[in-house]
Amino acid sequence: MPKHFLLPVLMALFPYLALSQICIGGHIAPYDSITNTWLATVPESMFGHDGQLTVEMGQLYRQMEIDGHLLPSGNCQHTFQQISADNIYQALVTDTMGHTKAGKIQFTFLPIVLLNGDFGYDYQEGTLTLASPDLRADSLYSARIKWRGGVTNTEGKHKRNYKVKTDHDVSFFGMRSDNSWMLDAGQPDVFRMRNRIAMDLWNDMARQPYYADKKPKARNGVSGRMVEVFLGNEYRGVYNFSEMMDRKQLKLRKTDEATGDIHGCLYKGVDWNHTQMFDLLQGYDNTKDTFLGYEMKYPDLDDCDSTDWAPLAEANNYALQCSDLDFEEHISDYFDIPVLIDYSLFVSIVNAVDNSGKNMYWAVYDKSESKRLTLAPWDLDATFGQRWGGQLVNGKEDFSSPQYLTDVDVFVFYRLYKTNTLNFNSLLNQRFDELHQTGGVLSADSIISRFAHYYMDVKKSGAARREAEKWSGDSDVWGDAIDFDAEYEYICRWIRQHLEEIERTGFPLYYNASFFGEQMGISETSMHRCPRAVYDLKGRKVAPSGQRLYKLKPGIYIQGGRKRVKS
């Protein structure tokens, strides 16, 4: 069970907090030493009204003034006039030694997460405190915390993502009970919330995995809540507090502890080195947790002696090598076709240019019953017109344009498009029509309403202004301004224009003879891909047609009009 603490107990346990923290309305109000601001969270219903709230001071404070009104030490009441994101209340605190400190009090209605500890690439001991206006008391958890991410976790990054492992299972915001959580910074996204909103869309449109009859609670997406985060005495901004995609979320069958027999498997594409399935997967080692751009997420080699790459390799190699007749008859034994249909639509609708091969999970429920792969998305920042890398490619290729159409750049999808196996293309269009109809989850109005909801939350709560003041012009966003108003207007226009372009094109977006033949190097007698020439971001050819990307130095390249990252 979570341990609940009021502020005096917190301060007794953590004296260093007492130097700066106060409590307002029964919740800790973290202090930002950069702006000299305490941030308090209250229910949204209090915004626009006067609010009489309890103010509690720590043991090191003997008195406090708010807007010139003197408050005695301990617990006392103060009426804050017309609470809103725009109102600032001047505060002056005096400690037991007679030293005074001036600061400001601001309000939000978003939950506040306070992390305390010194964190880096490896797990370190720390604490997580949650102050939520939905809860009567704050909660404090011991946790192991580290930075997380791929490109977002490299040297020189500033607004870090955090992986949090609490010391026991707990449920936050009605999400699953677990000990593994993520604080997603939205680092490359100037709207900060594309990942959350795109995942919400996937959760509402995607069908359950093929084994849902056995595991009806299996989910191939994750839930989350937008919060504001402090790291010690520093405000860090708007974050997506999210579940993790793992065996538990997908309800994969566990490895048998008694016999060591492996049942469920979970693989994640971490770069584009073979994860797009255009090459044979061979030479894997079941004592290693990485293989040709994939990372094994379950079974975990920390918990068992070996894992199993065979289901992934066999499905990949079958799609590459089998005849068209075999493909027609047996591809659904290897891949979860209904989920592939939904994923194909999803990637196209949100323009997920970073989610083909990389940032995809492949899962097998129980390989002793079936080695069929289903999938789940991850890391959806580069969506809805967000330009990955902050620049055009070769001065002309703009992946963020609403007229730019992307699909799932994974071989099994292309072969399904080309052969129309299982009437795949018609099913794509039928599914799109079903979800795109007026008021449907994929209608422009419906998608825009999702952005409107999140946008109004961060704007009305003041989080948008705080985020912009904290991070505008940072190198994380290539020096761009963070302007939620302008970005929201841009996204709304982008969605309507993008869906109009898709309506004109139909699905699959890229299926035509020249694309699969001359451009892709695919003939009627060969289904193997002949890679096109590779260019760097300055438009210089760095590899001729036929050379695989893995032979190049690490960096960002363009091949066949698509971004490729070699790590």
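User: What span should the 13 residues of α9 have, and what is the distance between its end C-alpha atoms?

Analyst: Some ground rules to begin with. This is a predicted model, in which local features need pLDDT of at least 70 and side-chain atom pairs count only at pLDDT 80 or more, while totals for chains, interfaces and linings use all residues. Residues are numbered from 1 along each chain as its sequence is written, and side-chain values use heavy atoms, with hydrogens and water left out. Helices (H or I, at least four residues) and strands (E, at least two) are DSSP runs, numbered from the N terminus. The expected span of a helix is 1.5 Å times one less than its number of residues. For α9, with 13 residues, that gives 18 Å, and the end C-alpha atoms are 18 Å apart, so the two agree.

User: Which residues of α9 are buried?

Analyst: Buried means under 20% relative accessible area, exposed means over 50%, and partly exposed is in between (1.4 Å probe, protein chains only). In α9 the buried ones are F424, N425, L428, R431, F432, L435 and H436. They sit on the same side of α9, because they cover an arc of only 125 degrees around the axis. That arc is taken from the directions from the helix axis to the C-beta atoms.

User: What covers that buried side of α9?

Analyst: Contact here means heavy atoms within 4.5 Å. The cover over the buried residues of α9 includes α3 (194-205), α7, α8 and α12.

User: How do I read the packing of two helices, say α6 and α8? What is the angle there?

Analyst: Axes are lines fitted to C-alpha atoms, for helices over the stretch in contact, and angles run from 0 to 180 degrees between N-to-C directions. Angles under 35 degrees count as roughly parallel, over 145 as roughly antiparallel, 65 to 115 as roughly perpendicular and the rest as oblique. Helix α6 (residues 324-334) packs on α8 at about 110 degrees, and their axes are 12 Å apart. The pair is therefore roughly perpendicular.

User: Which residues of α11 are buried?

Analyst: In α11 (residues 463-471) those are A463, A464, R466, E467, A468 and W471. Their cover includes strands β5 (37-41), β11 (100-108), β17 (224-231) and β18 (234-242), along with helices α10 (444-461) and α12 (484-505). Look at E467 in particular: its relative accessible area is 0%, so E467 is buried. Leaving out residues up to four places away in sequence, E467 touches K159, R192, Y235, G237, V238, S472, I482 and F484. After α11 comes G473, with a positive phi near 80 degrees.

User: Which way do the residues of β23 point?

Analyst: T374 and A376 point one way from β23 (residues 374-377), L375 and P377 point the other way, and all are buried. β23 pairs with β22 in the antiparallel sense over four bridges, and A363 has T374 as its bridge partner.

User: Last one: where are the cis peptide bonds?

Analyst: One joins Y298 and P299, with omega about 0 degrees; P299 is in the loop between β21 and α5 (310-321). Another joins F507 and P508, with omega about -5 degrees, and P508 is in the loop between α12 and α13 (513-519).

Terms used:
Pairing = 2+ DSSP bridges.
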